[in-house]
Amino acid sequence: METKGESMDFEMKDELSVTVERLAAAAEMLQQAAERLAERESTIALDAEATLSRIVATVESRRETELEQKLASVEAKLAAAESKLAELRASAPATVTNAGRKTLPAAMATLLAKQGVTGDSIASMEAGAVDAALISLSVEQRIAVKAQLMRAGLLG
């Protein structure tokens, strides 16, 4: 009886050792698969990073090209504007004379006309001529007429 029990123990031990060997082999295969997956993952990550770097470089180069084109366009516009400004400055008169108002109020023109001073002669008047022309007016009226002529830019 004991031999039959011992043989069963040996059979069970053999089966158990075979099962342990299979499990060890399966564990080793799983470990190798995990290592291959890790290698593949790192390879994919490196490829993705390289692809991303190429995409970023392409986008940056396009953006730089666009910015360079815009800068060249703006510089051309600035040069044209500066050229136009120089032309305008060259064509402008050397000195701008009194560009202010050159008209008198109607009441003042009537008052001057009564004293014998008319339209064209008003533009070439000087203070002494105005005083001589307005001698018949009161001092306040002469001051008012001169003030109006000065505001109109006709008397300096």
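Good morning. The structure is a predicted model. Read from the N terminus, its elements run α-α-α-α-α.

Let me begin with two figures for the whole chain. Of its 156 residues, 10% are buried. Among contacts with a separation of 6 or more, 57% are between residues 24 or more positions apart.

Which residues make up the largest nonpolar core? There are twelve: Leu104, Met108, Leu112, Val117, Val130, Leu134, Leu137, Val145, Leu149, Ala152, Leu154 and Leu155. Two helices, H2 at 106-114 and H5 at 139-151, each contribute at least two residues to this core.

Beyond its neighbours within four places in sequence, Leu137 is in contact with Leu111, Gln115, Arg142 and Val145.

For H2 and H5, the angle is about 120 degrees and the axes lie 11 Å apart. H2 is therefore oblique to H5, since an angle of 65 to 115 degrees would be needed for roughly perpendicular and one over 145 for roughly antiparallel. The crossing of the pair is left-handed.

Which residues of H2 and H5 meet? On the H2 side they are Met108, Leu111 and Leu112, and on the H5 side Ala144, Val145, Gln148 and Leu149. Sorted by class, this contact comprises six nonpolar residues, one polar residue and no charged residues. Met108 and Leu112 of H2, together with Val145 and Leu149 of H5, take part in this meeting of helices and also belong to the largest nonpolar core.

Thank you.

Methods. Residues are numbered from 1 along each chain as its sequence is written. This is a predicted model: local features need pLDDT of at least 70, side-chain atom pairs count only at pLDDT 80 or more; totals for chains, interfaces and linings use all residues. Side-chain values use heavy atoms; hydrogens and water are left out. A nonpolar core is a set of buried Ala, Val, Leu, Ile, Met, Phe, Trp, Tyr and Cys residues joined through side-chain atoms within 4.5 Å. Buried means under 20% relative accessible area, exposed over 50%, partly exposed in between (1.4 Å probe, protein chains only). Helices (H or I, at least four residues) and strands (E, at least two) are DSSP runs, numbered from the N terminus. Contact means heavy atoms within 4.5 Å. Axes are lines fitted to C-alpha atoms, for helices over the stretch in contact, and angles run from 0 to 180 degrees between N-to-C directions. Angles under 35 degrees count as roughly parallel, over 145 as roughly antiparallel, 65 to 115 as roughly perpendicular and the rest as oblique. A crossing is left-handed if the near helix is turned anticlockwise from the far one by less than a right angle, and right-handed if clockwise. Ala, Val, Leu, Ile, Met, Phe, Trp, Tyr, Cys and Pro count as nonpolar, Asp, Glu, Lys and Arg as charged, and the others, Gly among them, as polar.
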